[in-house]
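User: Please go through this model with me in questions and answers, from the overall fold down to single residue pairs.

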Amino acid sequence: WRNAIYRTEPAIWTIKTSKNMFKNGTYIGCYKDDGNRQYDSYFDGKKTWQRVTSVDECGALAKKWDKPYFAMQVGSECRLGSKLFPEKGKYPPRYATTQFFSGGTYQYACQKGKRLSKTSKQYPNYGGNGWTNSVYHTNPSPYYPAAYWDSPAGDSTIRFAFARAFCLNIAGGKPKDGKWKANAKIVLWPCVNKKDKVDNNMQFEVEDGYIKLKDDTRWCVTKQTPRDTNEQLTLQKCGTKGMWQKISTNDDMTITWVASPKSGFNVWNIPGRKNGFNGWQIRSKPVYSYVNVDGYWNELFAIQSAGPPTPKPTPAPTPPPGHKGLKAALGWKVEKGWKRGKGCTIQVWGGAPCAVSPNYPKGYGNGEKCVVSMARTKAVTVVDFSTEKYFDHLKIAGKKLSGAPVNLKSLELGKAGHKMVWSSDFYLGSTGWKVCKTKAGVPKPPPKPKCDETLKGHKDRDYRGCQTRTKTGRKCQKWADQKPHKHGHMSGWKVKHYGLHGAACRNPDNLLRTIWCYTTDPKMKKEECYSGDYA
């Protein structure tokens with residue numbers, strides 16, 4: 001008698017335009033660790049974790065090693081991660097930061113484990129527990145479910161995160177005379193009525209730090225006594241002096257008071273049970289302001305703000321139809337090498353002519369020659385280029401291109417001539433090239449850092465250049481990836497010793513006679529590279 005409810009189409013969540021309550025946070029949550037050790041990025045090439053005395057110390061290590069995520073376990077073990085959850089389902093969440101029910105015990109709570117040696121100032125002081133990780137962003141990041149995120153399906157409710165079918169509610173509903181009254185109590189109640197609708201006594205807008213009743217925004221959720229005491233929340237006129245109304249939402253899902261962050265929202269008097277709860281045990285429970293809020297399971301709330309439907313993007317203008325296999329178009333002409341739609345050809349896309357190599361992009365043949373003239377053209381852009389280095393080359397704008405040059409975009413023809421000449425030898429090939437007409441004076445992209453393309457060391461193992469294509473023009477697979485080809489070269493000491501970063505060609509373990517890489521071609525696992533193609 002329970003339904004799992006889904007939206008057919010994904011709901012799009014966007015930050016509210018006003019951003020008046022937009023916040024950043026570092027704490028992600030409390031998650032189970034099942035021994036798969038997903039957070040195992042190496043520190044110094046030798047070990048996958050390090051003992052620390054505080055969350056701040058672990059965060060500093062994550063920044064040092066340029067890792068976006070880190071996790072604390074048993075109060076002292078620091079682990080780093082490149083991805084939040086590399087394998088979905090391996091890190092299921094605990095129910096709350098400070099408590100987790102398992103046979104009536106709380107041993108898996110992130111805040112109930114071994115105490116941290118030092119108090120952190122930059123991160124929350126959640127050190128994890130046995131087989132339980134406190135997971136963090138290394139740098140502050142926008143977080144949900146604090147509040148202030150719009151969704152077309154949002155219903156303007158403030159939900160009890162531990163049992164999301166229950167919402168903050170003004171006890172008794174709207175008075176019969178239609179006028180809201182001061183001192184009405186705030187309780188938990190099922191979020192929808194028997195007609196599957198959300199009543200107006202549980203719809204709220206969170207704006208500028210105030211929880212306002214959506215039906216009449218002059219009324220706010222309030223703590224009447226302006227000091228740290230345990231008392232039930234009520235409805236009062238917004239701006240009433242001598243009361244607490246302005247709230248702060250936090251990345252551990254708590255709602256606290258700006259005037260005193262240690263006090264915050266708490267569902268009062270829910271009995272602790274080993275085997276969960278029934279609805280009647282939660283219904284009508286009072287919502288209190290409680291001293292010393294710390295992320296206990298009955299202090300977690302999700303604010304589901306309603307927003308206007310996401311506007312449909314303005315459709316892009318339909319480009320003119322493309323043409324390919326041409327001998328001549330828009331001032332460009334294949335003078336030599338056109339063979340009835342084959343060989344070198346002219347393409348027209350978006351109103352500009354382009355020349356492409358034979359059979360582009362599936363690969364050109366051996367012993368081919370082409371000449372293309374480019375009238376009324378001041379500059380061209382190299383859209384794609386991959387040939388056998390040294391032997392298959394394209395002469396254009398006074399340059400002789402071969403291999404897989406990078407950072408080579410716009411070329412002004414000037415007095416260098418308005419023809420491009422292509423030739424391939426009798427052996428090997430690649431995907432070819434595509435060159436298009438462009439406007440002169442196009443700003444050049446900022447130069448990339450210079451790379452040392454010197455081949456050095458035994459079998460070139462000390463090469464640290466920037467080449468990312470093989471001798472046949474195939475793109476290199478990133479060393480950190482395991483698709484399309486699995487490999488075992490990401491042991492920490494190898495990464496540092498051989499410089500296995502990005503998709504650059506290297507020669508770990510002196511495996512081949514020169515630098516090489518795993519390719520992105522599923523049919524070609526690894527292949528040697530040339531050096532020196534970095535423009």
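**Disulfides, sheets and cores**

Analyst: Cys-344 and Cys-370 are both buried, where buried means under 20% relative accessible area, exposed over 50% and partly exposed in between, with a 1.4 Å probe and protein chains only. This is a predicted model, in which local features need pLDDT of at least 70 and side-chain atom pairs count only at pLDDT 80 or more, while totals for chains, interfaces and linings use all residues. Residues are numbered from 1 along each chain as its sequence is written, and side-chain values use heavy atoms, with hydrogens and water left out.

User: Which handedness does the disulfide of Cys-344 and Cys-370 have?

Analyst: A disulfide is a pair of cysteine sulfur atoms within 2.5 Å, and Cys-344 and Cys-370 have an S to S distance of 2.1 Å. Cys-344 is in the loop between strand 25 (342-343) and strand 26 (345-349), and Cys-370 is in strand 28 (residues 369-374), 26 residues apart. Helices (H or I, at least four residues) and strands (E, at least two) are DSSP runs numbered from the N terminus. The torsion about the S-S bond is about 95 degrees, so this disulfide is right-handed.

User: How many residues apart in sequence are the parts that Cys-354 and Cys-436 tie together?

Analyst: Cys-354 and Cys-436 form a disulfide with S to S 1.9 Å, right-handed with 105 degrees about the S-S bond. Cys-354 is buried at a relative accessible area of 4%, and Cys-436 is buried at 8%. Cys-354 lies in strand 27 (residues 352-356) and Cys-436 in strand 34 (residues 432-438), so the distance in sequence between the tied parts is 82 residues.

User: Is the disulfide of Cys-505 and Cys-529 right-handed or left-handed?

Analyst: The sulfur atoms of Cys-505 and Cys-529 are 2.2 Å apart, and both residues are buried. Cys-505 is in the loop between helix 2 (492-498) and strand 35 (516-518), and Cys-529 is in the segment after strand 36 (526-528), 24 residues apart. The torsion about the S-S bond is about -80 degrees, so the disulfide is left-handed.

User: How many disulfides does the structure hold?

Analyst: Among them are the link of Cys-344 to Cys-370 and the link of Cys-505 to Cys-529. The number of disulfides in the structure is seven.

User: Which residue stands opposite Lys-395 in strand 33?

Analyst: Strand 30 (residues 393-396) and strand 33 (residues 419-423) are antiparallel over three bridges. His-393 is placed opposite Ser-423 in strand 33. The residue opposite Lys-395 is Val-421.

User: Which residue takes a positive phi in the hairpin of strand 30 and strand 31?

Analyst: Strand 30 and strand 31 (residues 399-401) run antiparallel and are joined by three bridges, with Leu-394 opposite Leu-401. The hairpin has two residues between the strands, and the residue with a positive phi near 55 degrees is Ala-397.

User: Which residues touch the most other members of the largest nonpolar core?

Analyst: A nonpolar core is a set of buried Ala, Val, Leu, Ile, Met, Phe, Trp, Tyr and Cys residues joined through side-chain atoms within 4.5 Å. Leaving aside neighbours within four places in sequence, Phe-265 is in contact (heavy atoms within 4.5 Å) with residues including Leu-168, Ile-211, Trp-257 and Phe-301. Of the 30 residues in this core, the ones that touch the most other members are Phe-160, Leu-168 and Phe-265.

User: What share of the residues of the protein counts as buried?

Analyst: The secondary structure comes to two helices and 36 strands. Among contacts between residues at least 6 apart in sequence, 65% join residues at least 24 apart. Of the 535 residues, the share that counts as buried is 46%.

Notes: Two strands pair if DSSP finds at least two bridges between them.
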